[in-house]
Amino acid sequence: MENKRPFILISNDDGYQSKGIRSLIDMVKDFGDILVCAPEGPRSGFACAFSATTPLRLKFRNRYDSVEIWSCNGTPVDCVKLAWNQFCRERKPDLVIGGINHGDNASVNTHYSGTMGVTMEGCLKRVPSVAFSVCDHSEDANFEPNRPYVRSIVGRLLEEGLPEGVCLNVNFPVAEAYKGVKICRMAYGTWKNECVKCRHPHGYDYFWMTGSYTNDEPEAEDTDNWALVHGYVAITPTQMDVTSYKTMERMKSWTFGNLQKRP
């Protein structure tokens with residue numbers, strides 16, 4: 001008999017043991033059959049990277065309320081690719097979820113986020129995909145205020161899907177209750193002072209990647225950063241096609257005739 005229950009693939013960039021992914025499983029486990037394949041440890045900042053030269057390993061970790069949990073020694077994208085290859089040959093996921101991430105992935109963080117890497121990989125595989133993140137880096141962050149929003153969004157995506165090539169980036173502020181939801185664009189921002197130089201006792205320099213974020217358009221009320229600062233849940237539809245169509249049209253007037261090789 002054909003299985004009519006939705007099939008949901010979950011991964012993250014904080015590792016399979018993080019509170020965020022365990023909370024997410026608990027929030028959505030009744031929506032369908034859940035498979036988890038997540039990094040064996042923290043992989044923040046890996047974006048859409050995958051392992052081209054490192055052998056990868058899959059390890060069964062646990063079964064939680066009929067949810068199979070696997071880990072991979074690679075990146076978040078590796079986890080999705082491996083799960084797809086090893087566990088999804090007979091049954092394609094109906095939804096891919098990244099998160100819930102410890103820390104926000106709004107504004108330019110979208111480009112660095114391993115949580116968004118999960119979601120973009122699912123989107124590239126033409127499956128509705130969503131990333132959930134909370135603006136709290138604490139290992140014991142409180143995810144309960146997210147529950148009704150996560151469930152509402154997941155239910156809607158399973159029912160309606162998304163346009164091909166579009167995924168959702170959902171960020172939650174730190175609050176016991178939210179003012180509402182804003183459907184918004186990505187804010188333009190800048191990371192500064194990103195490297196801290198230190199001196200090792202053995203006599204060489206080393207560096208920590210750190211930095212401080214500045215919203216370059218703080219008064220713009222249609223951005224994800226503004227929504228989060230003002231207590232709203234920020235939902236940003238994100239597309240895979242990064243082509244600048246306006247620039248493309250302008251560049252069509254460029255001429256390259258003098259560069260063509262002549263026989």
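**Close-up views of a predicted model**

View 1. P93 lies in the loop that runs between α2 (76-87) and β5 (95-102), where helices (H or I, at least four residues) and strands (E, at least two) are DSSP runs, numbered from the N terminus. This is a predicted model, in which local features need pLDDT of at least 70 and side-chain atom pairs count only at pLDDT 80 or more, while totals for chains, interfaces and linings use all residues. Residues are numbered from 1 along each chain as its sequence is written, and side-chain values use heavy atoms, with hydrogens and water left out. P93 is buried, with a relative accessible area of 4% (buried means under 20% relative accessible area, with a 1.4 Å probe and protein chains only). Not counting residues up to four places away in sequence, P93 touches F7, L9, W84, C88 and V127, contact meaning heavy atoms within 4.5 Å.

**View 2. The packing of α1 and α4.** Helix α1 (residues 19-28) and helix α4 (residues 147-160) pack at an angle of about 60 degrees, and their axes are 10 Å apart. The contact is made by L24, D26, M27 and V28 of α1 together with R147, V150, R151 and V154 of α4.

**View 3. Cysteines without a disulfide.** A search of the whole structure finds zero disulfides, a disulfide being a pair of cysteine sulfur atoms within 2.5 Å. The closest cysteine sulfur to that of C79 belongs to C72 and is 4.3 Å away, which is too far for a bond, and C79 counts as buried at 0% relative accessibility. For C198, the closest cysteine sulfur is in C195, at 11 Å, again too far for a bond.

How values were computed:
Axes fitted to C-alpha atoms, helices over the stretch in contact; angles between N-to-C directions. Buried < 20%, exposed > 50% of the residue type's maximum accessible area, 1.4 Å probe, protein only.
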